[in-house]
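Please keep the sequence and the structure in view while reading.

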Amino acid sequence: MDLSDLRLVSYKQRVKMLREKGNYLATRTLENYYIKLYTIKGVYFEVWSSSHLPWQNIVKVKVFKDQKMLKPYLPEIYFAENKLVL
């Protein structure tokens, strides 16, 4: 899955792809948002929502591959000298 192609995919297509093929990993909260983390073939997706109900009131869908972006979902022990240790 090419990340540059995914960034060009519409918001509705991203949501549809996540519903059909996405693997749920975790949820975190930030201010007034619930942020759910999904993955499809090594690409990560954050679904930002202002509601408890999944797929309702979605504000944005963020796409990334950089494992450093997983830091908010993992305890600090997984990070040593700015390198992700898995």
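**A buried arginine and its surroundings**

R14 is buried yet has no salt bridge, and the nearest side chain of opposite charge, E46, is 10 Å away. Here buried means under 20% relative accessible area, exposed over 50%, and partly exposed in between, with a 1.4 Å probe and protein chains only. A salt bridge requires a side-chain nitrogen of Lys or Arg within 4 Å of a carboxyl oxygen of Asp or Glu. For charge, Lys and Arg count as positive and Asp and Glu as negative, while His and the chain ends are not counted.

The model is predicted, so local features need pLDDT of at least 70 and side-chain atom pairs count only at pLDDT 80 or more, whereas totals for chains, interfaces and linings use all residues. Residues are numbered from 1 along each chain as its sequence is written, and side-chain values use heavy atoms, with hydrogens and water left out.

R14 belongs to helix α2 (residues 11–21), and its relative accessible area is 12%. Leaving aside residues up to four places away in sequence, R14 touches L6, R7, V9, V61 and V63; a contact means heavy atoms within 4.5 Å. The C-alpha atoms of R14 and K62 are separated by 9.3 Å, although these residues are 48 apart along the chain.

The protein as a whole contains two helices and six strands, arranged along the sequence as α-α-β-β-β-β-β-β. Helices (H or I, at least four residues) and strands (E, at least two) are DSSP runs, numbered from the N terminus. Of the 86 residues, 31% count as buried. Among contacts with a separation of 6 or more, 26% join residues 24 or more positions apart.

In soluble globular proteins, nonpolar side chains tend to be buried together.

The aromatic rings form three pairs. Rings of Phe, Tyr and Trp (its six-membered ring) pair if their centres lie within 6.5 Å; planes under 30 degrees apart count as stacked, over 60 as edge-to-face and the rest as tilted. One of the pairs is edge-to-face and joins Y24 and Y38, at 5.6 Å centre to centre with 70° between the planes. Because Y24 lies in strand β1 (residues 23–30) and Y38 in strand β2, this pair ties together parts that are 14 residues apart in sequence. Y24 is partly exposed at 45% relative accessibility, whereas Y38 is buried at 8%.

The rings of Y33 and W48 have their centres 5.5 Å apart and their planes at 65°, so this pair is edge-to-face. Y33 lies in strand β2 and W48 in strand β3, so the pair ties together parts that are 15 residues apart in sequence. Y33 is partly exposed at 28% relative accessibility, and W48 is buried at 10%.

Finally, K41 lies in the loop between β2 (33–40) and β3 (43–49). K41 is exposed, with a relative accessible area of 73%, and has a positive phi of about 50° although it is not a glycine. Most residues other than glycine have a negative phi.
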